[in-house]
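Student: I am new to this structure and would like to learn how to read it, one feature at a time.
Tutor: Let us look at it together, and then take your questions in turn.

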Amino acid sequence: METTQTLQMRFVTQAGTRVTISLDNPRDDLTEAEVTAAMDQIIAKNIFSTSGGDLVAKDSAQIIDRTVNVIYEA
Amino acid sequence: MAVDKIPTGTTLRLQLQTGVDENGDPVFRNKSLTNVKPEALDQDVFDVAQTLAGLQESILADVLRIDSARLEEIV
């Protein structure tokens, strides 16, 4: 059984669409303040451009746990 | 004949050290973020790379900026 974690940070674009930046292996001790500060910095630095335009606001952030159970392996 | 260079896109690549192999050599993994503005300042790209790397466990070994451009002949 193998578990992987992914941090997903969702942003709102100028056009109102949602864009996600994903990071594998987030730190176990991540705090909400750290993640929101990072998202605020990404918006402030404004280096990303999407089909919906610039990132303008934070939408949400979540950590996704994914567990793989191998049933059969040849 | 002159040639024009038109930026088409920029990618930010984080080279992350995820661990070491059985010989003690570092194991790297790349995380690429496309959709970086070609006109983005190096300092800003670097700062974002460090921020992103700070959220995860691996060590940030290198920050690469890959700029692509199209060459067009001016007639």
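**Reading the contact, the salt bridges and the sheet**

Student: How many residue pairs are in polar contact between chain A and chain B?
Tutor: In this model, which is predicted, the count between chain A and chain B is 11 residue pairs in polar contact, with both residues at pLDDT 80 or more. On the side of chain A that touches chain B, at least two residues each are supplied by β1 (2-13), β2 (18-24) and α1 (32-45) of chain A. The largest share of that side comes from α1(A), which gives six residues. Sorted by class, the side of chain A that touches chain B has 11 nonpolar, five polar and six charged residues.

Student: How many residues does the contact take from chain A and from chain B?
Tutor: There are 22 residues from chain A and 19 residues from chain B in the contact. Between them the two chains bury about 1,900 Å², and 62% of this lies on carbon and sulfur atoms.

Student: How many salt bridges are there between chain A and chain B?
Tutor: The count between the two chains is four salt bridges. In one pair that you can look up, A:K45 forms a salt bridge with B:D47, and their closest N and O atoms are 3.0 Å apart.

Student: Which residues of chain A does B:T51 contact, and where in chain B is B:T51 found?
Tutor: B:T51 is found in helix α1 (residues 42-54) of chain B. If its neighbours within four places in sequence are left aside, B:T51 is in contact with A:A38 and A:Q41.

Student: Is B:T51 buried or exposed?
Tutor: The general idea is to compare the relative accessible area with a cut-off, and a residue counts as buried when that area is under 20%. B:T51 has a relative accessible area of 19%, so B:T51 is buried.

Student: How many salt bridges are there over all chains?
Tutor: The count comes to 12 salt bridges over all chains. One of them is formed by A:R10 with A:D59, where the closest N and O atoms are 3.4 Å apart. This pair links distant parts of the chain, since A:R10 sits in strand β1 of chain A and A:D59 in strand β4 (residues 53-68) of chain A, 49 residues apart. A:R10 is partly exposed, with a relative accessible area of 28%, and A:D59 is also partly exposed, at 31%.

Student: In what order do the strands of the chain A sheet lie?
Tutor: In general, strands of a sheet pair through backbone hydrogen bonds, either parallel or antiparallel. Here four strands of chain A form an open sheet in the order β2-β1-β4-β3, and the pairing is antiparallel. The strands β2 and β3 (49-50) of chain A stand at the edges with a single partner strand each, so one side of each is left without a neighbour in the sheet. Between β1(A) and β2(A) the antiparallel pairing runs over seven bridges, and the bridge partner of A:Q8 in β2(A) is A:S22.

Student: Which value is phi of A:N25 near, and where is A:N25 placed?
Tutor: As background, most residues other than glycine have a negative phi. For A:N25, phi is near 50°, a positive value in a residue other than glycine. A:N25 lies in the loop between β2 and α1 of chain A and is partly exposed, with a relative accessible area of 30%. Phi of A:N46 is near 55°, again a positive value in a residue other than glycine, and A:N46 lies in the loop between α1 and β3 of chain A.

Note on methods:
Residues are numbered from 1 along each chain as its sequence is written. Chains are lettered from A and ligands numbered from 1 in the order in which they are written. This is a predicted model: local features need pLDDT of at least 70, side-chain atom pairs count only at pLDDT 80 or more; totals for chains, interfaces and linings use all residues. Side-chain values use heavy atoms; hydrogens and water are left out. Contact means heavy atoms within 4.5 Å. Buried area is the accessible area (1.4 Å probe) that two parts lose on being put together, summed over both. A salt bridge is a side-chain nitrogen of Lys or Arg within 4 Å of a carboxyl oxygen of Asp or Glu. A polar contact is a pair of N or O atoms within 3.5 Å; within protein, one must be able to donate a hydrogen and the other to accept it, and residues adjacent in sequence count only if both atoms are side-chain atoms. Ala, Val, Leu, Ile, Met, Phe, Trp, Tyr, Cys and Pro count as nonpolar, Asp, Glu, Lys and Arg as charged, and the others, Gly among them, as polar. Buried means under 20% relative accessible area, exposed over 50%, partly exposed in between (1.4 Å probe, protein chains only). Two strands pair if DSSP finds at least two bridges between them.
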